[in-house]
Amino acid sequence: MIDFSSYDRVFLLTDEQVAKCCLPVVCSDLGTPISDVLVLPAGEQHKNLASVQRIWDWLFAQQATRSSLLINLGGGVICDMGGFAASTYMRGMAYINIPTTLLAMVDAGTGGKTGIDYTPMSEAGSTASLKNAIGVFAEPVDTIIRPELLSTLPAEELLSGYAEMIKHAVLQNPKTLAELLNYDLRQVATPDFGELIRRSVAFKQSVVEQDPHDKGRRQILNFGHTVGHAIEALLLEREQKSEVRNQKSAKPHGYCVMYGMVAEAYLSHMICGLPAEVVSTLNRFMLENYGTAPVTCNDFDALLRLMLHDKKNKEQGTIVCTLLQSVGQPVTGQTVTPEQLREAIEYLC
Ligand SMILES: NC(=O)c1ccc[n+]([C@@H]2O[C@H](COP(=O)([O-])OP(=O)(O)OC[C@H]3O[C@@H](n4cnc5c(N)ncnc54)[C@H](O)[C@@H]3O)[C@@H](O)[C@H]2O)c1
Ligand SMILES: [Zn+2]
């Protein structure tokens, strides 16, 4: 239980969707009165400086002090943005996260990475922004996990978060991975599932504690994300260029991570000796739950271009991934050649 008595007042930030489905239940048993609520529009396109300014303006108008507390109730967008706004307001007020998506429960809500997407002034008017380009490391005072909040979450969002749980399991041990691969996903929002979430979060926390500022060990959490981010960016580019109005080709982040994990498991087999059986098991799970990756071998050049721009590469012109020697034994900083990548993408298509 949080000790609210150490704060002069408590404020709550949420988005329009979460305000409808989660705010009433959370307010009814939070154990403290809320001084004021700010509701922002939902969606990644609002994770920007203009929204942070709205949050700061609201806190000033409410005369929030450095002894006030901000509660972020929402998915990763609200947790990232609210954490950033709180940690910079008057040089930092305390915040807690109450994540409402599975992705935010197991990933975005813990670990202290806060921030927003940013469009430089020179690009003003452009729809493209640099993802998570501005932010600070600032730990929440607490992260409250309430699995029952997942009952209103669309199935696609649930699967998106589940991919990050699979990633944590792949990094942990074969037993946890088998448990998740065989879990009946209709059981989410039950106490049983809550236990799986808590174990996934505990794993992430244990990694973050060893390397809070992402300089070494924490990079194991990038497994699946080198290829995954490139697929995510490619689908977004395609959607923005599409001539067909409202044609949706982008996929939730976790879907792209699932495709990326299969490609990187294949690379792990080639480079680090990961048993082929692990690659085929992950591939089967992907096909059954996330469908085929929405890329073809013709996309290789575009994917390569995007991977070469990945901010995780330390040297220009190289591609660096976290790979696996076995389930539970990740290795960071593995350089991959374009030829090896081509083979991995071919496996994925
Ligand atoms: N800080 C980190 O370490 C970290 C890690 C991973 C991801 N992220 C960030 O997280 C963001 C993605 O998070 P997300 O997938 O939660 O997206 P999101 O916050 O946009 O939420 C997805 C959608 O679900 C809705 N929603 C939220 N909870 C709901 C509920 N219980 N019922 C019904 N609808 C609900 C939201 O209104 C939104 O429309 C990205 O911006 C990403 O960069 C941060
Ligand atoms: Zn991720």
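Buried means under 20% relative accessible area, exposed over 50%, and partly exposed in between, with a 1.4 Å probe and protein chains only. By that rule C321 is buried, with a relative accessible area of 2%. The structure is a predicted model, in which local features need pLDDT of at least 70 and side-chain atom pairs count only at pLDDT 80 or more, while totals for chains, interfaces and linings use all residues. Residues are numbered from 1 along each chain as its sequence is written, chains are lettered from A and ligands numbered from 1 in the order in which they are written, and side-chain values use heavy atoms, with hydrogens and water left out.

**Overall form**

- The chain holds 13 helices and nine strands; helices (H or I, at least four residues) and strands (E, at least two) are DSSP runs, numbered from the N terminus.
- For 349 residues, a compact globule would have a radius of gyration near 20 Å, and the chain agrees at 20 Å. This radius is taken over C-alpha atoms, and the globule rule is 2.2 Å times the number of residues to the power 0.38.
- Along the principal axes, the C-alpha atoms fill a box of roughly 60 × 50 × 40 Å.
- Of the 349 residues, 50% are buried.
- Among contacts with a separation of 6 or more, 75% join residues 24 or more positions apart; a contact means heavy atoms within 4.5 Å.

**Surface and charge**

**Cysteines**

- A search of the whole structure finds zero disulfides, a disulfide being a pair of cysteine sulfur atoms within 2.5 Å.
- The sulfur of C256 has its closest cysteine sulfur in C349, 14 Å away, which is too far for a bond. C256 is buried, at 0% relative accessible area.
- For C321, the closest cysteine sulfur is that of C272, at 9.7 Å, again too far for a bond.

**Helix α10 and what follows**

- Helix α10 spans residues 253–272 and is mostly covered, with 16 of its 20 residues buried.
- S268 lies in this helix and counts as buried at 0% relative accessibility.
- Leaving out residues up to four places away in sequence, S268 touches F223, G273, L274, L323 and L324.

**The loop between α11 and α12**

- T292 sits in the loop between α11 (276–289) and α12 (300–308), and is exposed with a relative accessible area of 57%.
- Residues up to four places away in sequence aside, T292 touches Y259 and L287.
- T292 and C349 are 57 residues apart in sequence, and their C-alpha atoms are 7.3 Å apart in space.

- S5 is placed in the segment before β1 (10–15) and counts as exposed at 64% relative accessibility.
- From S5 to T32 there are 27 residues in sequence and 8.9 Å in space, C-alpha to C-alpha.

- Q63, in the loop between α3 (49–61) and β3 (69–74), has a positive phi near 55° although it is a residue other than glycine. Q63 counts as exposed at 61% relative accessibility.
- R91 is not a glycine, yet has a positive phi of about 65°. R91 lies in the loop between α4 (76–88) and β4 (94–99) and counts as exposed at 77% relative accessibility.
- G92 is also found in the loop between α4 and β4, and is partly exposed with a relative accessible area of 23%.
- Neighbours within four places in sequence aside, G92 is in contact with R66, A86 and S87.
- G92 and E339 are 247 residues apart along the chain, and 47 Å separates their C-alpha atoms.
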